[in-house]
Structures are given as C-alpha cells and as structure tokens.
Amino acid sequence: MPVITTIEDLRQIYQRRAPRMFYDYCESGSWTEQTFRQNTSDFAKIHLRQRVAVDMSNRTTETEMIGQKVAMPVALAPVGLTGMQHADGEILAAKAAEKFGVPFTLSTMSICSIEDVAAHTTKPFWFQLYVMKDEDFVRRILQRAKDAGCSALVLTLDLQLLGQRHKDLKNGLSAPPKLTIPTMINLATKVQWGLGMLGTKRRFFGNIVGHATGVGDPASLGAWTAEQFDLQLTWAKIEKLRDMWGGKLILKGINDAEDAIMAQKIGAEAIVVSNHGGRQLDGAHSSIRMLPSILDAVGDTTEVHLDSGIRSGQDVLKAVAMGAKSTFIGRSFVYGLGAMGEAGVTKALEIIHAELDKTMALCGERDVKALGRHNLIVPQGFE
Ligand code: FNR
C-alpha cells in the first residue's frame, strides 16, 4: 500500500482502480476545460501571510453551516453517478461524512436512492435537486427527501442543459453506459471495482428508475433525463420550489453578483458560489475569483459558500479567509472513494482537515472563524 499524504495520491490510485469511462467522467471539464483548470490554478495565485510568535495551542476548525455544527468548513458536494465510482458509493461517502462531522449531499443523479442512504446513516443528510419538467416527479422526490429526514434542499441552478464534455462522448458514457469492445476490455481489467459492483443490491439511478413516469428500467432513463431538464427554469419557479420544500434552501451554481442578489431576494438560507467544477460554462471565471464581488453584493444576511477547485486544506483556508462561510468538495472526495471506498473518503477528509489545521496555525490563527482577509496576500487585479 503506498503512503498516502495528499489528495493527489488518492487521485492516482483512483485512476488505476476505476474504469476509464467513470474516471474520465469525474476528471474532466466542459469544452476546452479552461474553467476546470483555472478553478485550481487561481487558488495557487493567492498567498498566505506567515505569522510567528503567536500562541498556536488549542486550535479549532469547528464552525456552522446553515445553523448546523460542522467539524470543519467542508461539505461533500452532490456528485452524480458516485455509485459507479465504487459500489454503494453514496452510502459509503455519506457514512464517512457522518462519522467525520461534515454534511453529505445526495445528488438527484445518484445510484443509491434517498431511501438507501437514509437506511444506512443515522443523521440527516442534504438532498440536491435538478429541476425537472415533470412537476409530479419533483413533488414526489421532495416528499421522499422530507420523509427521509433530509435537513436541507440544495437546488442546483447551473445545469439546465449539459456543458459538453468531449471525453464522455468519446467514451460513450450514457445512462445506461454503452458497452463497446474497448469499454468492456477496460471494465474486465478493473477486478476490484467489478467484484464490488457484482455484490451491490442497489438499483441503477435509484432516485429516478421506478419513480418517474415511463422510467421502469434503466434503458428508458437516458431519453427521460435528456427531455426532462427544465430549460424554462426561472426565479418564479424557484420560489414555487422553495414553498413546496418549506425547509432550508441552498441555491448552488451562482457565479455572478446579480444572480446572488436574486437568490437573496427569494430568501435562500445560503448560496454556493460554483461553476459546477468547470463542467458547465467553459470560459466562466473560477468561483474563488468571483467570490469577492458576490460577497459585496449580498453582505452578510445570506450565507455564502464556495466550491470548484478545492484540493487541499490550504484551499479551504483561502476560501474562508476570502469570506466564504464554508466550502464544498466534489472531486477531492470522489478520488478517495474511487481509491479506497469509505476509508478513502475518510482519508480525504483527514488530509484536508490536517492541512487546514496546521496551515491555520502557521498563519497565526487558532480559530477557523477568525480567518479573514488579513491572512491573505491577494494579487492585484485578481478581483
Ligand atoms: C458534479 N457536480 C454535481 N453538482 C450537482 O449539483 N449535481 C450533480 O449531480 C453533480 N454531479 C457531478 C459529477 C461529477 C463527477 C463532478 C466532478 C461534479 C458538481 C459538484 O457538486 C461540485 O460543484 C463540483 O464538483 C465542485 O468542484 P470540484 O470540487 O470537483 O473541483
């Protein structure tokens, strides 16, 4: 077993273990991947102020997200197809998050269903919704999330149609996946992955198959999803969904100050500044670069969280010091899951936590809530 010390180590093991079509699905951005790359390279442009001769004992990374206590300012972002990266992937990731004390968000496009995850966890998790045209389906899935005790709805607004990812098209990634000869050869060589999949009892796309009208089996899923994403999503519809849900609402996929103001007007508890990890609008700015203008626009009455590009505790620190209440991680936890299942997600969280904690100390801070712009050196023209 190699010594794992970084999120990058987990990525490399994941790449070796997972079938190529699922690895590529995770590790790619849309079109030229410019935004995907800038999400990480922009973090490297922000520097930290090193401070010395300050008491570094008794540190804490604990904070709150939408009124919920968390062990550090990190939540697991909703990630579709997680159950194809590792058998029962959503359940394993949710368990790791629960034990660590950070929120887990289940995607609409998960393999394990809301009920599967609820049956294997003891604390409330968050549910992410893609708005579909079928209002009856939306009403029922929100009811299922409420029945399962989900404590927040994460409504994703930046995917009314799919940003094109060239690798997915070339690999024939679809639901269900098309099995070509190269794909089958690749799947056959991923023995550990395959044995796990054979052992799972989960239904493919468990939130949708068997629950949406006309989707009795996975074969009909592709056509349904292609037709169902609601191109006519408006703020008026978002208000209706807010009322239908009636609980805590997080709007994800905001990357512009004007949209942040709209989110605030409709009374969302929180927004997630995000460009979907560079998977949607290629050419958009990184979310860390957009964060300051969004914070200026909404003040501190709406919680502002951030994702896209977080690969280390140092990145978490930079985002929080820039003013984000917390961060969401997508790929960083998927790498761990694909590498080692639940233990890998725990490892990813441990790595990020240790990096955050020690870096905070070297910046002369003991409490994550005290981080601020005074800890950063931000290059001119960054904002
Ligand atoms: C995503 N993301 C995502 N978002 C969402 O709201 N619903 C979803 O089903 C998915 N699916 C998904 C699959 C994969 C493979 C990835 C990598 C991402 C976006 C995700 O929630 C988050 O915004 C990004 O992953 C953040 O960027 P990083 O942390 O991956 O750089």
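Me: In β9, which residue is the bridge partner of Ile250?
Reply: This is a predicted model, in which local features need pLDDT of at least 70, side-chain atom pairs count only at pLDDT 80 or more, and totals for chains, interfaces and linings use all residues. Residues are numbered from 1 along each chain as its sequence is written. Strands are DSSP runs of E with at least two residues, helices are runs of H or I with at least four, and both are numbered from the N terminus. β8 and β9 run parallel and are joined by four bridges, and the partner of Ile250 in β9 is Ala270.

Me: In what order do the eight strands of the open sheet stand?
Reply: Two strands pair if DSSP finds at least two bridges between them. The pairing in this sheet is parallel. β4 (74-76) and β5 (105-106) are at the edges with a single partner strand each, so one side of each has no neighbour in the sheet. The order is β4-β11-β10-β9-β8-β7-β6-β5.

Me: Which residue of β7 is the bridge partner of Phe127?
Reply: β6 (residues 126-129) pairs with β7 in the parallel sense over four bridges. On to β8, strand β7 (residues 152-156) again has four bridges, and there Leu249 is the partner of Leu153. The partner of Phe127 in β7 is Leu153.

Me: Which helix lies across β8 and β9?
Reply: Axes are lines fitted to C-alpha atoms, for helices over the stretch in contact, and angles run from 0 to 180 degrees between N-to-C directions. The helix covers residues 257-265 and runs at about 170° to β8. This is α13.

Me: Which residues touch the most other members of the largest nonpolar core?
Reply: A nonpolar core is a set of buried Ala, Val, Leu, Ile, Met, Phe, Trp, Tyr and Cys residues joined through C-beta atoms within 7 Å. The largest one has 103 residues, and its largest share, 13 residues, comes from α16. Contact between two residues likewise means C-beta atoms within 7 Å; beyond four places in sequence, Ile271 is in contact with residues including Leu251, Ala263 and Val304. The residues asked for are Ala93, Leu153, Ile250 and Ile271.

Me: What is the phi of His276?
Reply: Most residues other than glycine have a negative phi. His276 is in the loop between β9 and α14 (287-298) and is buried, with 26 other C-beta atoms within 10 Å. Its phi is positive, near 65°.

Me: How many residues surround the ligand?
Reply: α2 (20-26) and α16 (331-362) each supply at least two residues of the shell. Among the closest are Ala77, Ser107 and Gly330. The shell has 24 residues.

How values were computed:
A residue is near a molecule or strand if its C-beta atom, placed from the backbone, lies within 6 Å of it. A residue is buried if 20 or more other C-beta atoms lie within 10 Å of its own, exposed if 12 or fewer, and partly exposed in between; C-beta atoms are placed from the backbone.
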